[in-house]
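Welcome, and please take a look at the model below.

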Amino acid sequence: MRIGMLTSGGDCQSLNATMRGVAKSLYKMFDDLEIIGFEDGYKGLIYADYHVMKPSDFSGILTEGGTILGTSRQPFKLMRVPDDNGLDKVEAMKHTYKKLKLECLVVLGGNGSQKTANLLREEGLNIVSLPKTIDNDLWGTDMTFGFQSAVNVATNAIDCIHTTAASHGRVFIVEVMGHKVGWLTLHAGIAGGADIILLPEIPYDINVVVDALRERSRQGKRFSILAVAEGAISKEDASLTKKELKEKKKTGVVYPSVAYELGARIEEMTGQEVRVTVPGHMQRGGEPCPYDRVLSTRLGAEAALLIKNKEYGYMVSVDNNDITKVPLEEVAGKLKTVDPSCSMIREAKMVGICFGDE
Ligand code: F6P
């Protein structure tokens, strides 16, 4: 039996551990198994860039970050646009799949990649997918692999900032990844003891943020730490239409990111010294944490079971610490965002963390 495998979208720490989980389980189930590894995500499937993988390829990679297959971003909207040779990319992927006589394709990916996986399912391909992303924003699963490792890195960054912020008596903003959602910032912010956490799901009022900083100063606190999601947005900006926001950005000062803009406003309004730190892609780098190694192994094994049972068209997922499956059509195109009224936000507020809204 021959199956294809690819890793797609932004990388994360536990991709290799997940592929290992799938492969080791499959090799135990099938004597005649051949795994075809597509290079650099869907690109490899489009352009038939692949190699036959050996069982030894999956040994010793549990703790290795990145992906041994390489990855790339394939914006969903471009998939139907013909490439330079006039070839429809979806047709090209189907062609490669059929030419190689694959029994199924295993896709490790985040939002865009799941959408493409669902498109290929609709086109008749057998697909099993696994939930990858440091953003934890995939619909249909409590947890994605990569997330907890990224929480570790972002928390570590906030920990490091704490000591220097305390020494200098400064306000520090740590900008955390997460794309359009705040899961990573919420978890790392709480774990790192941030005083203020700003999330895309809770547009902030700059006056509330500044009041919280002034209150800390009044209490004799020499420094403050803000964990700010890269997608955080002020109440003013949230009330604008997309077009108005675009216009505003054209006319105003251009900042490298939301954290810098916020930092400038805080400095202007409080006169306090502000520094901005952006850990950036470090959050996706390095080795997977133990939680992710366990999660990846479990997800991988259950994905193999779906293949054994010929249950295609699903993403393996986490539901209350059990590994289960969710139909790809339910996952595709939906975001799992932080609910501002969830108990985690309430609990964080109870210990004094300010979210910029009250
Ligand atoms: O989706 C993972 C992620 O790291 C997001 O948190 C971030 O917004 C984005 O990818 C960065 O993308 P790129 O790797 O294309 O810079």
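## Helices α7 and α10

I206, V210, L213 and R214 in α7 meet R265, I266, M269 and T270 in α10. Contact here means that the C-beta atoms of two residues, placed from the backbone, lie within 7 Å. Helices are DSSP runs (H or I, at least four residues), numbered from the N terminus. Sorted by class, this contact has five nonpolar, one polar and two charged residues. Ala, Val, Leu, Ile, Met, Phe, Trp, Tyr, Cys and Pro count as nonpolar, Asp, Glu, Lys and Arg as charged, and the others, Gly among them, as polar.

The axes of α7 (residues 206–218) and α10 (residues 258–270) come within 11 Å and cross at roughly 60 degrees, which makes α7 oblique to α10. The axes are lines fitted to C-alpha atoms over the stretch in contact, with angles from 0 to 180 degrees between N-to-C directions. Angles under 35 degrees count as roughly parallel, over 145 as roughly antiparallel, 65 to 115 as roughly perpendicular and the rest as oblique. The crossing of α7 and α10 is right-handed, that is, the near helix is turned clockwise from the far one by less than a right angle.

## About the model

You are looking at a predicted model, in which local features need pLDDT of at least 70 and side-chain atom pairs count only at pLDDT 80 or more, while totals for chains, interfaces and linings use all residues. Residue numbers start from 1 along each chain as its sequence is written.

## Helices α1 and α11

For α1 (residues 15–29) and α11 (residues 290–308), the axes come within 7 Å and cross at roughly 40 degrees, so α1 is oblique to α11. The crossing of this pair is right-handed. On the α1 side, the contact includes A17, V22 and L26, and on the α11 side it includes L299, A303 and I307. In total, the contact divides into nine nonpolar, six polar and four charged residues.

An automatic or database assignment sets the domain bounds: the protein chain is divided into domain 1 (2–145 + 288–331) and domain 2 (149–284). Their centres, taken over C-alpha atoms, are separated by 34 Å. Twelve residues of domain 1 are in contact with eleven residues of domain 2; on the domain 1 side these are four nonpolar, four polar and four charged.

Where does the ligand lie? Both domains give residues to the shell around the ligand, so the ligand lies between them. Around the ligand are G10, R73, G110, T133, I134, D135, M177, G178, H179, E230 and R284, each with its C-beta atom, placed from the backbone, within 6 Å of the molecule. This shell divides into two nonpolar, five polar and four charged residues.

How values were computed. Helices (H or I, at least four residues) and strands (E, at least two) are DSSP runs, numbered from the N terminus.
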